[in-house]
Amino acid sequence: MLKVVQYYTPQKVVFGVNAVDNIGQYIKEMGISGKAIIVTDPGVAQAGIADRVAQALKKDGFEVAVFDQGKPEPDDVACDQAAEFARKEGGSFVIGLGGGSAIDIGKVAAQLLALPGKTEDYLINTTFPKKGAPIIAVPTTSGTGTECTMYAVITFAKDGIKGFFATPTILPDMALVDPTLTVSMPPKVTASSGIDALSHAIETMMAKQENPLTDAIALKAIEFIAEALPVAVYEGDNLEARVKMAYASMMAGMAFNDPGIVEGHALAHTLGSVYHVPHGVGCAVALPYAMEYNMGHCMEKLARIAVALGQNTAGMSVRQAAQAAVYAVKQLIEDVGIPTTWAPFGKKEDIPKLADMMAESPWITAFYGWSKRPMTKEAAVELLTRSYEGRLGDKLY
């Protein structure tokens, strides 16, 4: 209660069904003018979503150019390509449209639209010297919450290591969240992105900088995900489920902006760097084991998480309730069809190499600055072994 905390959120957040059809009006209200550069990916473009946004902008008099070559798990080369397109088109501001990957590319492109050089020049220091061009974030998935964060995960193309930007300069000026844009999301993407949002909310509550505001937002996000994710996965056109998931993703992003995220993401980034496991899947694989790893430091938080997940904890001890949260998360991950071990992606004999990376790589150890429990190589081996074997407590799953 006595610590100093900082809250970063976009200057403006617009949330609502079909809100995207008035995006030009909302941008004008912010005093932003000139040519819009939409940064998206081929899938979003083919689904007609980029056209929908472009038409809404043109209705309000904006010129528009579309870069649709974004890619999953983006690297610095993809960011440079988007930035070069934005420069050549004479863009004034950038709209990141898509999943977390497209929005992250858009965040970087907006910076490079106003700053010299390439992505790698700045990525090595995780920041930019000043704010670049305005960036508007419009998500088409419910997962990363990047529309409301000051982070962007970018891989170094030269060695495949996942890096990231962590700086208020890339915080979107406006987030526009329209749940109708998520209806076309395939079940597997809905599942993995939804568990990514869940990991943000839960890991925020386990971080040492958590506070009453972030706890409140994170708990509501967890509640919505437990209620809505299975429905959104298996009944994709259920708009109520999509609305709840869009809210949950956005709120989880707002929640972790200051406290950060912890060991689950450290493990997910390790698996992503070595085996190219998609980010949401890596987070899912890691989450139950990261929760158990933090049991001694976060027992009461985990007990509260169990209630938000819909568990009946009446008559349970705090530890029993905390364990119920771990098992409930694992069951939810299974229910939406995601693996709960990394055995399908890698080899057990790689654990010593992975543990070295988790304990020594600066791109992984950065997460422990937010953690309550120190990470050692021995602890990394234990976490990797349990998450490979699917072992929680003394039980094998």
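Which residues does Lys107 touch, not counting residues up to four places away in sequence? In this predicted model, Lys107 touches Ile135, Thr146, Thr149, Tyr151, Ala152, Ile170 and Pro172 when residues up to four places away in sequence are left aside.

**Lys107 in helix α5**

- Lys107 belongs to helix α5, which covers residues 100-114.
- Although Lys107 is buried, it has no salt bridge, and the nearest side chain of opposite charge, that of Asp104, is 4.3 Å away; a salt bridge would require a side-chain nitrogen of Lys or Arg within 4 Å of a carboxyl oxygen of Asp or Glu.

**Helix α4 and its surroundings**

- Helix α4 runs over residues 76-88, and its 13 residues should span 18 Å at 1.5 Å a residue, which agrees with the 18 Å that separates its end C-alpha atoms.
- At the start of α4, the backbone nitrogen of Val77 has a side-chain oxygen of Asp75 within 3.2 Å, while just after the helix Gly90 adopts a positive phi of about 70 degrees.
- The buried residues in α4 are Asp76, Ala78, Cys79, Asp80, Ala82, Ala83 and Ala86.
- The elements that cover these buried residues include the strands β2 (36-39), β3 (64-67) and β6 (151-155), together with the helices α5 and α6 (119-123); α5 is also the helix in which Lys107 is found.

**Ser371 in a loop**

- Ser371 sits in the loop between α15 (362-365) and α16 (377-389), and with a relative accessible area of 5% this serine is buried.
- The side chain of Ser371 makes a polar contact of 3.2 Å with the side chain of Glu263, and a polar atom of that serine side chain also lies 3.3 Å from the backbone oxygen of Phe367.
- Not counting residues up to four places away in sequence, Ser371 touches Lys208, Val262 and Glu263.

- Thr126, placed in the loop between α6 and β5 (135-139), has a positive phi near 65 degrees.
- His276, placed in the loop between α10 (263-275) and α11 (279-293), has a positive phi near 60 degrees.
- The relative accessible area of His276 is 58%, so this histidine counts as exposed, the cut-off for that class being over 50%.

Technical notes: Residues are numbered from 1 along each chain as its sequence is written. This is a predicted model: local features need pLDDT of at least 70, side-chain atom pairs count only at pLDDT 80 or more; totals for chains, interfaces and linings use all residues. Side-chain values use heavy atoms; hydrogens and water are left out. Helices (H or I, at least four residues) and strands (E, at least two) are DSSP runs, numbered from the N terminus. Buried means under 20% relative accessible area, exposed over 50%, partly exposed in between (1.4 Å probe, protein chains only). Lys and Arg count as positive and Asp and Glu as negative; His and the chain ends are not counted. Contact means heavy atoms within 4.5 Å. The expected span of a helix is 1.5 Å times one less than its number of residues. A polar contact is a pair of N or O atoms within 3.5 Å; within protein, one must be able to donate a hydrogen and the other to accept it, and residues adjacent in sequence count only if both atoms are side-chain atoms.
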